[in-house]
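Keep the sequence and the 3D view open while reading.

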Amino acid sequence: MLTKKQAKIFFLGGTLLFALIFLGLSYDTVVSGLPANTHPENITEEVLLGRTIWDDKNCMGCHTIMGEGAYYAPELTKVYDRRGPDYIKAAVNFKNGGWAPNGRHMVEYNFTDKEAEGLVAFFKWVGEMNLNGFPAEPTIK
Ligand code: HEC
């Protein structure tokens, strides 16, 4: 049976130990984990332009990226690998009521070449992140 003093030391020591472990792991994530996995050195003006459009136009109202967003339209984390730059540009600037290869319509945008290139650069940067295997390959073909 612990005395009151021993219980206090046990509590404070345990709290301190796990607080230090938590801070150490947080430091490791921020200082080495995030940069190694997301490559912030590759964030160019073009990538930032794409990211701004992504937010301003609320693309997440229909799409997901890194799993975040809505489920009306395809997950776009790996769209650069899956479709390539020309396909992305065609999709985001499609006229006649918006891109709709399978019936559901995307909004009809009127991006400049520079804006479309920005979106491509943004998707390329997102696609090169190390996301520990996300999104998973479908097991059923
Ligand atoms: C109103 C809903 C909606 C919004 C908002 C929307 N999209 Fe889409 N998007 C779609 C639909 C629907 C498709 C076609 C899905 C299909 O293949 O049937 C699509 C397809 C795409 C594709 C091709 C994906 C693939 O794998 O074939 C890209 C790239 C894309 N959208 C980018 C964007 C970007 C960038 C924005 C914001 C500027 C955006 N979308 C906003 C609905 C939307």
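## Basis

This is a predicted model: local features need pLDDT of at least 70, side-chain atom pairs count only at pLDDT 80 or more, and totals for chains, interfaces and linings use all residues. Residues are numbered from 1 along each chain as its sequence is written, and side-chain values use heavy atoms, with hydrogens and water left out.

## Iron site

H63 (NE2) and M106 (SD) coordinate the iron atom of the ligand, at 1.9 to 2.1 Å. The two residues come from distant parts of the chain, 43 residues apart. H63 sits in the loop between helix 2 (45-56) and strand 1 (64-65). M106 sits in the loop between helix 4 (85-92) and helix 5 (113-127). Helices (H or I, at least four residues) and strands (E, at least two) are DSSP runs, numbered from the N terminus. Donors are N, O and S atoms within 2.8 Å of the metal (3.2 Å for Na, K and Ca); water is not among the atoms, so sites may look incomplete.

The arrangement is octahedral because the six donor atoms around the iron atom subtend angles of 85 to 178 degrees. Six donors count as octahedral if opposite donors are over 155 degrees apart and all others between 65 and 115. Ideal angles for six octahedral donors are 90 or 180 degrees.

## Burial and cysteines

H63 is buried, at 10% relative accessible area. C59 is buried too, at 13%, while C62 is partly exposed at 29%. Buried means under 20% relative accessible area, exposed over 50%, partly exposed in between (1.4 Å probe, protein chains only).

The whole structure has zero disulfides (pairs of cysteine sulfur atoms within 2.5 Å).

## Largest pocket

The largest pocket holds about 690 Å³ of space. Of its 31 lining residues, H63, A73, P74, W99 and M106 are the closest to its centre. A pocket is an open set of points on a 1 Å grid over the protein atoms alone, with protein on both sides within 12 Å along at least five of seven lines; lining residues have an atom within 4 Å of a point. Volume is the space filled by probe spheres set on the points, which are joined across faces, edges and corners.

Helix 4 gives the most to this lining, with four residues. Helix 2, helix 3 (79-83) and helix 5 each supply at least two.

Conventions
Four donors count as tetrahedral if all angles lie between 85 and 135 degrees; four count as square planar and six as octahedral if opposite donors are over 155 degrees apart and all others between 65 and 115; anything else is irregular. On a 1 Å grid over the protein atoms alone, a cavity is a set of points where a 1.4 Å probe fits but cannot get out, and a pocket is an open set with protein on both sides within 12 Å along at least five of seven lines; lining residues have an atom within 4 Å of a point.
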